[in-house]
Amino acid sequence: MAAANPAKSLQDELTCSICLDYFKDPVSLDCDHNFCRACITQCWEGLATNVSCPQCRVTFPQRNLRLNRQLRNIVEAARELRLSSGKEPEPERLCEKHKEPLKLFCKEDEIPICLVCDRSKEHRAHTVIPAEEAAKEFKEKIQAHLKMLREEREKLLGLKVREEKRSLEYLKQTQTERQKIVSEFQQLRQFLEEQERLLLAQLEKLDKEIVKTQNESVSEVSEEISRLGNLISEMEGKCQKPVTELMQDVRSTWSRSAKGKFQQPEEISPKLELRLSDFSQKTVALMETLRKFKEHVTLDPDTAHPQLVLSEDRKSVRRRDTRQNLPNNPERFDCWACVLGCEGFSLGRHCWEVEVVDGGGWAVGVARESVGRKGRISHSPEVGIWAVELWEGQLRALTSPVTPLPLSQVPSRIQICLDCDRGQVTFIDVDDEAPIFTFPPGSVPEERIHPWLWVWLGSQLTLCP
(Lines give C-alpha, C1' and ligand atoms only; values in the text may rest on other atoms or scores of the structure.)
Protein backbone atom coordinates (compact mmCIF):
# COMPACT_ATOMS: atom_id res chain seq x y z
CA MET A 1 0.00 0.00 0.00
CA ALA A 2 1.48 3.32 -1.05
CA ALA A 3 2.26 5.88 1.59
CA ALA A 4 -0.33 8.59 2.04
CA ASN A 5 2.32 11.31 1.76
CA PRO A 6 5.50 10.08 -0.03
CA ALA A 7 7.24 13.46 0.35
CA LYS A 8 6.62 13.37 4.10
CA SER A 9 7.91 9.77 4.32
CA LEU A 10 11.06 10.72 2.38
CA GLN A 11 11.64 13.71 4.65
CA ASP A 12 11.28 11.47 7.71
CA GLU A 13 13.88 9.08 6.29
CA LEU A 14 16.30 11.96 5.73
CA THR A 15 15.79 13.51 9.17
CA CYS A 16 17.97 12.86 12.21
CA SER A 17 15.89 11.59 15.13
CA ILE A 18 17.98 13.65 17.57
CA CYS A 19 18.03 17.13 16.05
CA LEU A 20 14.88 16.59 13.88
CA ASP A 21 16.66 18.21 10.93
CA TYR A 22 18.19 16.94 7.75
CA PHE A 23 21.23 14.71 8.34
CA LYS A 24 24.54 16.56 8.50
CA ASP A 25 27.58 14.29 7.97
CA PRO A 26 25.43 11.16 8.54
CA VAL A 27 27.04 8.12 10.21
CA SER A 28 25.65 4.59 10.74
CA LEU A 29 25.81 2.54 13.93
CA ASP A 30 26.20 -1.24 14.08
CA CYS A 31 22.39 -1.47 14.33
CA ASP A 32 22.14 0.37 10.95
CA HIS A 33 20.41 3.44 12.41
CA ASN A 34 21.70 6.77 11.16
CA PHE A 35 22.42 10.04 12.97
CA CYS A 36 24.32 13.25 12.43
CA ARG A 37 27.91 12.74 13.55
CA ALA A 38 27.76 15.80 15.82
CA CYS A 39 24.42 14.69 17.33
CA ILE A 40 25.50 11.14 18.22
CA THR A 41 28.89 12.36 19.47
CA GLN A 42 27.19 14.86 21.79
CA CYS A 43 24.73 12.18 22.89
CA TRP A 44 27.60 9.84 23.85
CA GLU A 45 29.66 12.58 25.50
CA GLY A 46 31.07 11.45 28.84
CA LEU A 47 30.54 7.74 28.12
CA ALA A 48 33.71 5.65 27.78
CA THR A 49 32.14 2.25 26.96
CA ASN A 50 28.74 0.56 26.62
CA VAL A 51 27.23 3.26 24.41
CA SER A 52 23.73 2.65 23.04
CA CYS A 53 21.64 3.61 20.06
CA PRO A 54 19.24 6.48 20.98
CA GLN A 55 16.62 4.98 18.66
CA CYS A 56 16.58 1.22 19.38
CA ARG A 57 18.57 1.27 22.67
CA VAL A 58 20.93 -1.51 21.52
CA THR A 59 24.17 -1.38 23.55
CA PHE A 60 27.61 -1.51 21.92
CA PRO A 61 30.89 -2.25 23.75
CA GLN A 62 32.74 0.39 21.73
CA ARG A 63 32.06 3.32 19.45
CA ASN A 64 31.94 2.39 15.79
CA LEU A 65 30.76 5.21 13.50
CA ARG A 66 30.70 4.50 9.75
CA LEU A 67 30.27 7.38 7.35
CA ASN A 68 27.13 6.82 5.25
CA ARG A 69 28.11 8.43 1.96
CA GLN A 70 25.00 7.31 0.08
CA LEU A 71 22.69 8.83 2.68
CA ARG A 72 24.73 12.02 2.68
CA ASN A 73 24.41 12.30 -1.11
CA ILE A 74 20.66 11.63 -0.94
CA VAL A 75 20.21 14.32 1.73
CA GLU A 76 22.12 16.85 -0.39
CA ALA A 77 20.06 15.95 -3.43
CA ALA A 78 16.80 16.23 -1.50
CA ARG A 79 17.81 19.59 -0.05
CA GLU A 80 18.64 20.99 -3.51
CA LEU A 81 15.46 19.54 -4.96
CA ARG A 82 13.36 21.12 -2.23
CA LEU A 83 15.00 24.51 -2.72
CA SER A 84 14.62 24.41 -6.49
CA SER A 85 11.00 23.21 -6.46
CA GLY A 86 9.92 25.56 -3.69
CA LYS A 87 7.82 22.79 -2.17
CA GLU A 88 7.58 22.24 1.52
CA PRO A 89 9.49 25.37 2.58
CA GLU A 90 11.18 25.28 5.92
CA PRO A 91 8.90 26.59 8.68
CA GLU A 92 9.56 30.24 9.41
CA ARG A 93 11.24 31.09 12.67
CA LEU A 94 9.31 33.55 14.79
CA CYS A 95 10.55 36.37 17.00
CA GLU A 96 10.41 35.18 20.59
CA LYS A 97 9.34 38.66 21.76
CA HIS A 98 6.76 39.63 19.10
CA LYS A 99 5.88 36.22 17.57
CA GLU A 100 6.44 37.68 14.10
CA PRO A 101 8.49 36.13 11.27
CA LEU A 102 12.20 37.03 11.37
CA LYS A 103 12.35 38.61 7.92
CA LEU A 104 15.00 41.23 8.66
CA PHE A 105 18.66 41.20 9.76
CA CYS A 106 20.37 43.78 11.97
CA LYS A 107 23.96 44.28 10.85
CA GLU A 108 25.08 46.01 14.05
CA ASP A 109 23.84 43.28 16.38
CA GLU A 110 24.24 40.54 13.72
CA ILE A 111 20.92 38.91 14.62
CA PRO A 112 17.69 38.25 12.71
CA ILE A 113 14.75 40.53 13.76
CA CYS A 114 11.08 41.00 12.87
CA LEU A 115 9.28 44.08 11.49
CA VAL A 116 8.20 45.13 14.99
CA CYS A 117 11.81 44.92 16.23
CA ASP A 118 12.87 47.16 13.34
CA ARG A 119 10.52 49.94 14.58
CA SER A 120 11.68 49.64 18.19
CA LYS A 121 14.17 51.97 19.85
CA GLU A 122 16.64 49.11 20.13
CA HIS A 123 17.18 48.79 16.36
CA ARG A 124 15.81 52.10 15.00
CA ALA A 125 19.29 53.60 14.43
CA HIS A 126 20.80 50.32 13.16
CA THR A 127 21.38 49.18 9.58
CA VAL A 128 18.69 46.63 8.81
CA ILE A 129 18.41 44.62 5.57
CA PRO A 130 16.10 41.80 4.42
CA ALA A 131 16.98 38.42 5.88
CA GLU A 132 17.25 36.90 2.37
CA GLU A 133 19.81 39.53 1.36
CA ALA A 134 21.80 39.00 4.56
CA ALA A 135 21.65 35.23 4.08
CA LYS A 136 22.93 35.62 0.52
CA GLU A 137 25.86 37.77 1.66
CA PHE A 138 26.61 35.42 4.52
CA LYS A 139 26.38 32.39 2.24
CA GLU A 140 28.78 33.99 -0.23
CA LYS A 141 31.24 34.67 2.57
CA ILE A 142 30.87 31.12 3.86
CA GLN A 143 31.37 29.65 0.39
CA ALA A 144 34.44 31.80 -0.16
CA HIS A 145 35.79 30.70 3.21
CA LEU A 146 34.88 27.09 2.45
CA LYS A 147 36.77 27.32 -0.82
CA MET A 148 39.82 28.58 1.02
CA LEU A 149 39.50 25.87 3.68
CA ARG A 150 39.11 23.14 1.05
CA GLU A 151 42.15 24.42 -0.82
CA GLU A 152 44.12 24.47 2.41
CA ARG A 153 42.97 20.94 3.22
CA GLU A 154 43.99 19.74 -0.25
CA LYS A 155 47.40 21.31 0.22
CA LEU A 156 47.81 19.60 3.58
CA LEU A 157 46.62 16.29 2.16
CA GLY A 158 49.13 16.62 -0.66
CA LEU A 159 51.84 17.52 1.83
CA LYS A 160 50.93 14.53 3.98
CA VAL A 161 51.10 12.17 0.99
CA ARG A 162 54.45 13.60 -0.11
CA GLU A 163 55.90 13.38 3.40
CA GLU A 164 54.69 9.80 3.83
CA LYS A 165 56.16 8.89 0.45
CA ARG A 166 59.44 10.61 1.28
CA SER A 167 59.59 8.91 4.67
CA LEU A 168 59.06 5.51 3.05
CA GLU A 169 61.85 6.25 0.59
CA TYR A 170 64.17 7.30 3.42
CA LEU A 171 63.30 4.18 5.40
CA LYS A 172 64.07 2.03 2.34
CA GLN A 173 67.41 3.80 1.98
CA THR A 174 68.31 3.32 5.64
CA GLN A 175 67.31 -0.36 5.42
CA THR A 176 69.50 -0.77 2.34
CA GLU A 177 72.41 0.94 4.08
CA ARG A 178 71.84 -1.22 7.17
CA GLN A 179 71.99 -4.38 5.09
CA LYS A 180 75.15 -3.14 3.32
CA ILE A 181 76.83 -2.34 6.64
CA VAL A 182 75.93 -5.71 8.16
CA SER A 183 77.14 -7.51 5.03
CA GLU A 184 80.39 -5.53 4.78
CA PHE A 185 81.28 -5.98 8.44
CA GLN A 186 80.41 -9.67 8.28
CA GLN A 187 82.81 -10.04 5.37
CA LEU A 188 85.41 -8.00 7.25
CA ARG A 189 85.05 -10.20 10.33
CA GLN A 190 85.39 -13.32 8.18
CA PHE A 191 88.46 -11.84 6.49
CA LEU A 192 90.13 -10.95 9.78
CA GLU A 193 89.35 -14.35 11.31
CA GLU A 194 90.72 -16.09 8.24
CA GLN A 195 93.83 -13.91 8.33
CA GLU A 196 94.28 -14.70 12.00
CA ARG A 197 93.98 -18.46 11.39
CA LEU A 198 96.31 -18.28 8.39
CA LEU A 199 99.02 -16.24 10.13
CA LEU A 200 98.89 -18.34 13.28
CA ALA A 201 99.13 -21.54 11.20
CA GLN A 202 102.13 -20.13 9.35
CA LEU A 203 103.75 -19.16 12.63
CA GLU A 204 103.17 -22.66 14.02
CA LYS A 205 104.74 -24.21 10.92
CA LEU A 206 107.72 -21.86 11.20
CA ASP A 207 108.07 -22.77 14.87
CA LYS A 208 108.28 -26.48 13.97
CA GLU A 209 110.84 -25.91 11.22
CA ILE A 210 112.97 -23.68 13.45
CA VAL A 211 112.89 -26.31 16.23
CA LYS A 212 113.76 -29.06 13.72
CA THR A 213 116.69 -27.08 12.30
CA GLN A 214 117.89 -26.25 15.78
CA ASN A 215 117.70 -29.90 16.89
CA GLU A 216 119.62 -31.09 13.82
CA SER A 217 122.29 -28.45 14.37
CA VAL A 218 122.58 -29.20 18.07
CA SER A 219 122.84 -32.94 17.38
CA GLU A 220 125.59 -32.42 14.83
CA VAL A 221 127.52 -30.08 17.11
CA SER A 222 127.11 -32.47 20.05
CA GLU A 223 128.56 -35.36 18.05
CA GLU A 224 131.53 -33.25 17.01
CA ILE A 225 132.05 -32.04 20.60
CA SER A 226 132.10 -35.67 21.74
CA ARG A 227 134.63 -36.65 19.01
CA LEU A 228 136.86 -33.69 19.86
CA GLY A 229 136.66 -34.54 23.55
CA ASN A 230 137.88 -38.09 22.87
CA LEU A 231 140.66 -36.82 20.62
CA ILE A 232 141.76 -34.25 23.23
CA SER A 233 141.89 -36.98 25.89
CA GLU A 234 143.98 -39.18 23.57
CA MET A 235 146.38 -36.36 22.73
CA GLU A 236 146.78 -35.40 26.39
CA GLY A 237 147.57 -39.05 27.18
CA LYS A 238 150.17 -39.14 24.41
CA CYS A 239 151.91 -36.12 25.85
CA GLN A 240 152.34 -37.93 29.19
CA LYS A 241 154.08 -40.97 27.69
CA PRO A 242 157.89 -41.54 27.35
CA VAL A 243 159.69 -40.43 24.22
CA THR A 244 159.84 -43.86 22.70
CA GLU A 245 156.07 -44.36 22.98
CA LEU A 246 155.29 -40.72 22.09
CA MET A 247 157.09 -41.04 18.77
CA GLN A 248 155.31 -44.24 17.80
CA ASP A 249 152.54 -43.89 15.18
CA VAL A 250 153.28 -40.16 14.78
CA ARG A 251 151.71 -40.00 11.35
CA SER A 252 148.47 -41.65 12.48
CA THR A 253 148.18 -39.44 15.54
CA TRP A 254 148.83 -36.29 13.54
CA SER A 255 146.27 -37.32 10.94
CA ARG A 256 143.52 -37.81 13.55
CA SER A 257 144.20 -34.46 15.25
CA ALA A 258 144.05 -32.64 11.90
CA LYS A 259 140.39 -33.73 11.59
CA GLY A 260 139.52 -31.58 14.59
CA LYS A 261 138.65 -28.58 12.46
CA PHE A 262 134.84 -28.34 12.42
CA GLN A 263 132.77 -26.06 10.21
CA GLN A 264 129.98 -24.47 12.24
CA PRO A 265 126.44 -25.01 10.83
CA GLU A 266 124.36 -21.98 9.90
CA GLU A 267 122.23 -20.69 12.77
CA ILE A 268 119.16 -20.66 10.56
CA SER A 269 118.68 -21.53 6.92
CA PRO A 270 118.29 -18.73 4.31
CA LYS A 271 114.87 -20.12 3.41
CA LEU A 272 113.62 -19.70 6.97
CA GLU A 273 115.00 -16.17 7.12
CA LEU A 274 113.20 -15.31 3.89
CA ARG A 275 109.93 -16.78 5.17
CA LEU A 276 110.26 -14.88 8.45
CA SER A 277 110.81 -11.66 6.50
CA ASP A 278 107.72 -12.33 4.34
CA PHE A 279 105.68 -13.07 7.44
CA SER A 280 106.76 -9.80 9.08
CA GLN A 281 105.71 -7.89 5.96
CA LYS A 282 102.28 -9.55 6.05
CA THR A 283 101.90 -8.65 9.71
CA VAL A 284 102.79 -5.02 9.01
CA ALA A 285 100.27 -4.89 6.13
CA LEU A 286 97.54 -6.36 8.35
CA MET A 287 98.33 -3.85 11.12
CA GLU A 288 98.00 -1.02 8.61
CA THR A 289 94.61 -2.41 7.57
CA LEU A 290 93.45 -2.63 11.17
CA ARG A 291 94.51 0.97 11.80
CA LYS A 292 91.84 2.10 9.35
CA PHE A 293 89.17 0.89 11.73
CA LYS A 294 90.21 2.85 14.80
CA GLU A 295 87.45 4.17 17.02
CA HIS A 296 86.86 7.88 17.60
CA VAL A 297 87.27 8.00 21.38
CA THR A 298 86.88 11.01 23.71
CA LEU A 299 87.33 11.40 27.46
CA ASP A 300 84.39 11.75 29.86
CA PRO A 301 84.88 14.84 32.11
CA ASP A 302 82.26 13.56 34.58
CA THR A 303 84.57 10.64 35.46
CA ALA A 304 87.87 12.56 35.60
CA HIS A 305 89.71 12.79 38.95
CA PRO A 306 89.79 16.41 40.26
CA GLN A 307 93.55 16.62 39.61
CA LEU A 308 93.17 15.73 35.93
CA VAL A 309 92.88 18.48 33.33
CA LEU A 310 91.23 17.60 30.02
CA SER A 311 91.85 19.43 26.76
CA GLU A 312 89.03 21.34 25.11
CA ASP A 313 88.47 18.60 22.53
CA ARG A 314 88.55 15.98 25.36
CA LYS A 315 91.28 14.02 23.58
CA SER A 316 94.20 14.79 25.93
CA VAL A 317 94.70 14.61 29.72
CA ARG A 318 97.45 15.72 32.11
CA ARG A 319 97.72 15.86 35.88
CA ARG A 320 98.16 18.97 38.05
CA ASP A 321 99.44 19.32 41.63
CA THR A 322 96.22 20.58 43.19
CA ARG A 323 92.64 19.39 43.03
CA GLN A 324 90.04 21.33 41.10
CA ASN A 325 86.75 22.29 42.71
CA LEU A 326 84.52 19.79 40.90
CA PRO A 327 81.26 18.14 42.00
CA ASN A 328 81.77 14.77 43.65
CA ASN A 329 79.27 12.99 41.44
CA PRO A 330 78.98 9.17 41.58
CA GLU A 331 80.79 8.73 38.24
CA ARG A 332 83.96 10.59 39.28
CA PHE A 333 87.16 8.87 40.50
CA ASP A 334 88.09 10.50 43.81
CA CYS A 335 91.31 8.71 44.83
CA TRP A 336 93.28 7.44 41.81
CA ALA A 337 93.92 9.94 38.98
CA CYS A 338 91.82 8.00 36.45
CA VAL A 339 89.40 8.93 33.68
CA LEU A 340 87.13 6.87 31.42
CA GLY A 341 86.28 7.31 27.76
CA CYS A 342 82.79 8.48 26.85
CA GLU A 343 82.35 5.61 24.43
CA GLY A 344 81.39 2.19 25.75
CA PHE A 345 81.51 -1.09 23.85
CA SER A 346 79.74 -4.39 24.44
CA LEU A 347 79.83 -6.02 20.99
CA GLY A 348 82.32 -6.36 18.16
CA ARG A 349 85.98 -5.35 17.83
CA HIS A 350 87.28 -1.86 18.53
CA CYS A 351 90.73 -0.23 18.31
CA TRP A 352 92.15 3.15 19.35
CA GLU A 353 95.59 4.61 19.92
CA VAL A 354 97.09 6.55 22.83
CA GLU A 355 100.18 8.74 22.59
CA VAL A 356 102.13 8.89 25.84
CA VAL A 357 104.48 11.57 27.17
CA ASP A 358 106.21 10.07 30.19
CA GLY A 359 106.73 12.20 33.24
CA GLY A 360 106.88 9.55 35.92
CA GLY A 361 104.16 7.05 35.27
CA TRP A 362 100.99 6.21 33.35
CA ALA A 363 98.62 3.37 32.51
CA VAL A 364 96.35 2.72 29.52
CA GLY A 365 93.71 0.08 28.95
CA VAL A 366 90.03 -0.63 29.46
CA ALA A 367 87.63 -0.86 32.39
CA ARG A 368 84.13 -2.16 32.81
CA GLU A 369 81.39 0.42 33.26
CA SER A 370 80.67 -0.75 36.82
CA VAL A 371 84.28 -0.31 38.02
CA GLY A 372 84.56 1.32 41.44
CA ARG A 373 85.17 5.07 41.41
CA LYS A 374 85.52 5.90 45.12
CA GLY A 375 88.49 5.18 47.38
CA ARG A 376 91.66 3.22 46.66
CA ILE A 377 91.01 0.42 44.19
CA SER A 378 93.35 -2.18 42.79
CA HIS A 379 94.29 -1.71 39.13
CA SER A 380 93.68 -5.33 38.18
CA PRO A 381 91.23 -7.56 36.32
CA GLU A 382 89.65 -8.56 39.65
CA VAL A 383 88.10 -5.08 39.98
CA GLY A 384 87.43 -4.69 36.24
CA ILE A 385 90.58 -3.04 34.82
CA TRP A 386 92.75 -4.55 32.05
CA ALA A 387 95.78 -2.36 31.31
CA VAL A 388 99.53 -1.94 30.95
CA GLU A 389 101.45 0.67 32.92
CA LEU A 390 104.83 2.36 33.12
CA TRP A 391 106.07 2.72 36.69
CA GLU A 392 109.61 3.53 37.83
CA GLY A 393 110.88 2.99 34.30
CA GLN A 394 109.42 -0.54 34.09
CA LEU A 395 106.64 -1.43 31.65
CA ARG A 396 104.35 -4.11 33.04
CA ALA A 397 100.94 -5.67 32.56
CA LEU A 398 98.47 -5.08 35.39
CA THR A 399 97.75 -8.75 36.04
CA SER A 400 97.59 -10.38 39.48
CA PRO A 401 100.46 -10.24 40.30
CA VAL A 402 101.81 -7.73 37.77
CA THR A 403 103.77 -9.10 34.80
CA PRO A 404 107.02 -7.29 33.83
CA LEU A 405 107.27 -6.72 30.08
CA PRO A 406 110.82 -7.09 28.68
CA LEU A 407 110.83 -4.29 26.09
CA SER A 408 114.01 -2.63 24.84
CA GLN A 409 112.39 0.80 24.91
CA VAL A 410 109.20 2.38 26.24
CA PRO A 411 106.61 2.81 23.45
CA SER A 412 105.50 6.34 22.64
CA ARG A 413 102.28 5.25 20.97
CA ILE A 414 100.14 2.29 22.02
CA GLN A 415 97.22 0.72 20.20
CA ILE A 416 94.52 -0.90 22.33
CA CYS A 417 92.43 -3.56 20.56
CA LEU A 418 89.28 -4.72 22.37
CA ASP A 419 87.44 -7.82 21.13
CA CYS A 420 84.17 -7.87 23.07
CA ASP A 421 82.95 -11.07 21.42
CA ARG A 422 86.04 -13.02 22.54
CA GLY A 423 86.59 -11.09 25.78
CA GLN A 424 90.18 -10.22 24.82
CA VAL A 425 92.37 -7.09 25.01
CA THR A 426 95.62 -6.66 23.04
CA PHE A 427 98.23 -3.88 23.36
CA ILE A 428 100.49 -3.10 20.39
CA ASP A 429 103.56 -0.86 20.06
CA VAL A 430 102.53 1.27 17.08
CA ASP A 431 106.08 2.38 16.26
CA ASP A 432 107.53 -1.15 16.09
CA GLU A 433 104.29 -2.86 15.00
CA ALA A 434 105.03 -5.34 17.79
CA PRO A 435 102.61 -6.82 20.33
CA ILE A 436 103.18 -5.69 23.91
CA PHE A 437 100.77 -7.87 25.87
CA THR A 438 97.45 -9.69 25.43
CA PHE A 439 94.86 -10.50 28.06
CA PRO A 440 93.70 -13.88 26.66
CA PRO A 441 90.16 -14.68 25.40
CA GLY A 442 87.60 -14.80 28.17
CA SER A 443 89.45 -12.29 30.34
CA VAL A 444 86.99 -9.43 29.77
CA PRO A 445 83.38 -10.14 30.86
CA GLU A 446 80.30 -9.57 28.72
CA GLU A 447 79.67 -6.08 30.07
CA ARG A 448 79.89 -2.56 28.65
CA ILE A 449 83.61 -1.66 28.47
CA HIS A 450 85.15 1.85 28.34
CA PRO A 451 88.66 3.14 27.55
CA TRP A 452 90.58 3.79 30.80
CA LEU A 453 93.59 6.05 31.54
CA TRP A 454 95.68 6.68 34.67
CA VAL A 455 98.11 9.63 34.80
CA TRP A 456 100.99 10.47 37.16
CA LEU A 457 102.43 13.96 37.71
CA GLY A 458 104.28 15.22 34.65
CA SER A 459 102.81 12.67 32.28
CA GLN A 460 100.34 13.38 29.49
CA LEU A 461 98.18 10.97 27.51
CA THR A 462 96.54 11.85 24.21
CA LEU A 463 93.92 9.90 22.24
CA CYS A 464 95.19 9.97 18.67
CA PRO A 465 92.81 11.50 16.08
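Predicted model: local features only at pLDDT ≥ 70, side-chain atom pairs only at ≥ 80, totals over all residues.
User: Where do I start? How many helices and strands does the protein chain have?

Analyst: Count the elements. The protein chain has nine helices and 21 strands.

User: What share of the 465 residues is buried?

Analyst: Buried means under 20% relative accessible area. Here 29% of the 465 residues fall in that class. The protein chain exposes about 30,900 Å², with 54% of that supplied by carbon and sulfur atoms.

User: Which residues have the most contacts inside the largest nonpolar core?

Analyst: A nonpolar core joins buried residues through side-chain atoms within 4.5 Å. The largest one has 35 residues. W352, V354, V364, I416, V425 and L461 have the most contacts inside it. A second, separate core has 17 residues, including I40, F60, L71 and A78.

User: L461 sits in strand β21. Which face of β21 is covered?

Analyst: In a regular strand the side chains alternate between the two faces of the sheet. Strand β21 spans residues 460-463. L461 and L463 form the covered face, whereas Q460 and T462 form the uncovered one.

User: Which strands pair with β21?

Analyst: Look for bridges and direction. Strand β10 (residues 316-319) runs antiparallel to β21, joined by three bridges. Strand β12 (residues 349-357) also pairs with β21 in the antiparallel sense, over four bridges.

User: What is the bridge partner of S316 in β21, and of E355?

Analyst: T462 is the partner of S316. T462 is also the partner of E355.

Note on methods:
Residues numbered from 1 in each chain as written. Heavy atoms only, no water. Buried < 20%, exposed > 50% of the residue type's maximum accessible area, 1.4 Å probe, protein only. Helix = DSSP H or I, 4+ residues; strand = E, 2+ residues; numbered from the N terminus. Pairing = 2+ DSSP bridges. Areas by Shrake-Rupley, 256 points an atom, 1.4 Å probe, with all protein chains shown as cover.
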